2 protein chains.
Amino acid sequence: MHDSHIGLAHGNGGRLMRELIDSVFARHLGRGNPILDVHLDAAPIELPRGRTLITTDGFTVQPLEFPGGNIGSLAVHGTCNDLAVAGATPFYLTLNAFIEEGLEVQLLERIVMSIAEAAKDTGVAVVAGDTKVVRRGEGGGLYLATTGVGIAPKAKVLKMSAIRTGDRILVSGPVGDHGVAVMLAREAFGMRGDLQSDAASVLPLTQAALEFDGLRFMRDPTRGGLATVMHELMHVTGLQIRLEQTAIPVREPVSAVCEMLGYDPLFLACEGRVVAVVSEQDADRLLTRWRMLSKGEHASCIGTVCSGKQRVILVTELGGERVLEELEDDPLPRIC
Amino acid sequence: MHDSHIGLAHGNGGRLMRELIDSVFARHLGRGNPILDVHLDAAPIELPRGRTLITTDGFTVQPLEFPGGNIGSLAVHGTCNDLAVAGATPFYLTLNAFIEEGLEVQLLERIVMSIAEAAKDTGVAVVAGDTKVVRRGEGGGLYLATTGVGIAPKAKVLKMSAIRTGDRILVSGPVGDHGVAVMLAREAFGMRGDLQSDAASVLPLTQAALEFDGLRFMRDPTRGGLATVMHELMHVTGLQIRLEQTAIPVREPVSAVCEMLGYDPLFLACEGRVVAVVSEQDADRLLTRWRMLSKGEHASCIGTVCSGKQRVILVTELGGERVLEELEDDPLPRIC
């Protein structure tokens, strides 16, 4: 297309919109993907046997590009990861783009290329999409909304209600990388680092975990971080969650930035980590299995589900205990 | 919930977000809908036999409420209608809400109630959702993105490539009502009218049309209006489209407003109309069938698919011909 920036006319249903869709979206997302047909109102999808699962997510990250990814790869991984932690293999995605008038077409194209690449890596096809152009100043550059469809085996249904006293809590890698990487990318703090977002597919990790009968439940600790997942576990099971602070993997630059700015890495988003709750018997075996995977080499057993007062307790390095409260107000910069 | 307006903390993944989701979204959308479980990453859906179809749409209408609907009912109908015109029965929806900081909670709740009502009327369940809160001034109040899943009979595949010379073009009712109703609702023109948006489910119309073997293709003329659908038919088939201006139903207030403001109703969005391309043999029978339906009483046969130069031609009242050009720049106020 000829224009260097998006205008309102790119959203009006006419020729310019057709050119934008053909030259940016269909060009990259349609490669090797015969299902994507921009002339269809609805796309046909074939689903293998099993339980069909569906999930949806909105993405509003600022800046749109950050070390380790951009809003496009984040949208694909975030949505596919929600299917993966539910025990499914993702197959199809739909994509909604709310584009702000004035967005650079080259930036949009880089983001769409990342969507195509992340989709290819994860083995999913973008089969339907829609674009809307919103007025200058009304759209944060670009918002994406993605819906994913996947298939899970009929035999294995993961649910929080399967969690029992004595179960172990595992995390697949260091927490807070995504949150800190996005914060640093804003430059507003006057700091730069070489820390990358952990945004990636967790499918290899979740598929490995599904091999264990003792697997109860998985979740990706995105918005609200590890602490928020722990609170949800506590709320739904009515049990106590005890975490060992020293067992929770946090990269040194993440700790350093958090200390400087007064954030708690346990509340920062990860975009490529899995939290698994697993029986005591299978905990060590799953940990060993995860550590064999490139994305799981820093996996750790971080806590236990206990009876006792319904709380999330953090056992500190010196053996003290502190209650980890639920995220209340908004002490964190918006990163998703 | 206690707050009267949405704050950034309603999007942070913590307690306030949980309360917003429970008290506004799950409360209305979960009624009689056991699949919606806010604690799941992905929702299980059961699909009847047939071809599975998926579609997605973004909604950015201003104002959020207008005579005959609001952004919520519009999102449900818009998405289900895309499945309906593809020959499918819609079953499931996912919902993404980008909420602007400062939005009135009561307004949000009215919109969510409309979503619930429209979903119930159409027979679909909202099975998964996500909310993001964006900073004040960055979100037009509320944007919605919805994805729909439906099932179509295996035997009947509608496609533009099935269109033949001699086929007739039918529209199920007056065009431009939605576009003009939204324009008037803005009050920016200093005019008020009692015209309502036509936003509604087209499922009864599309299901009736599917009874006819001669049905080739259907579309709902939303963004870009009837004229844009005609241009797409022309582009894809390579044929000529001839429309009879006097046969195209346009309500008197729509004509009047368009005349005053210099708009062409053929480019204005409809949100409850169907355009069908059907064999000459079945055209009159489908027209009769549609006119028996409450939403089809003003249905009309508006044109013919012809050989000859690839153009959309409008035959005027006096028998003159003019070429209907594709929508180029943005002469219309943004209404979707």
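Helices (H or I, at least four residues) and strands (E, at least two) are DSSP runs, numbered from the N terminus.

Before you click on, a word about what you're looking at. This is a predicted model, where local features need pLDDT of at least 70, side-chain atom pairs count only at pLDDT 80 or more, and totals for chains, interfaces and linings use all residues. Residues are numbered from 1 along each chain as its sequence is written, chains are lettered from A and ligands numbered from 1 in the order in which they are written, and side-chain values use heavy atoms, with hydrogens and water left out.

How confident is the predictor? pLDDT is its confidence in each residue, from 0 to 100. Chain A averages 92, and 95% of the residues score at least 70. The complex gets an ipTM of 0.89 and a pTM of 0.91.

**Back to the first pair**

Is A:Asp177 buried or exposed? A:Asp177 is buried, at a relative accessible area of 1%, while A:Arg251 is partly exposed at 33%. Buried means under 20% relative accessible area, exposed over 50%, and partly exposed in between (1.4 Å probe, protein chains only).

**Over to chain B**

Now select B:Glu65 and B:Arg110, whose side chains meet in a salt bridge (2.8 Å, N to O). B:Glu65 lies in strand S3 (residues 65-66) and B:Arg110 in helix H3 (residues 105-122) of chain B, so the pair ties together parts 45 residues apart in sequence. Both ends are partly exposed: B:Glu65 has 33% relative accessibility, and B:Arg110 has 39%.

Next, pick B:Glu138 and B:Arg135, another salt bridge, with the closest N and O atoms 3.4 Å apart. B:Arg135 is partly exposed, with a relative accessible area of 42%. How many salt bridges are there over all chains? A search of the whole structure finds 36.

**A patch of charge**

Select A:Arg49, A:Lys154, B:Arg49 and B:Lys154 together, and you have a patch of positive charge on the surface. Here, a charge patch joins like charges within 9 Å, using residues with over 30% relative accessible area and no salt bridge. Zoom in on B:Lys154, in the loop between strand S7 (142-152) and strand S8 (168-171) of chain B. At 63% relative accessibility, B:Lys154 counts as exposed.

**Two cis prolines**

Jump to A:Gln62 and A:Pro63: the peptide bond between them is cis, with omega near 0°. A:Pro63 lies in the loop between strand S2 (51-59) and strand S3 (65-66) of chain A. In chain B, a cis peptide bond joins B:Gln62 and B:Pro63, with omega about -5°. B:Pro63 is in the loop between strand S2 (51-59) and S3 of chain B.

**Last stop**

Finish at A:Thr316, in the loop between strand S13 (312-315) and strand S14 (321-323) of chain A. A:Thr316 is partly exposed, at 25% relative accessibility.

Terms used
Patch = residues over 30% accessible without salt bridge, like charges linked within 9 Å, V, L, I, M, F, W, Y side chains within 5 Å. Areas by Shrake-Rupley, 256 points an atom, 1.4 Å probe, with all protein chains shown as cover. Salt bridge = Lys/Arg side-chain N within 4 Å of Asp/Glu carboxyl O. Lys, Arg positive; Asp, Glu negative; His and termini not counted. Charge placed at Lys NZ, Arg CZ, Asp CG, Glu CD. pLDDT = per-residue confidence, 0-100.
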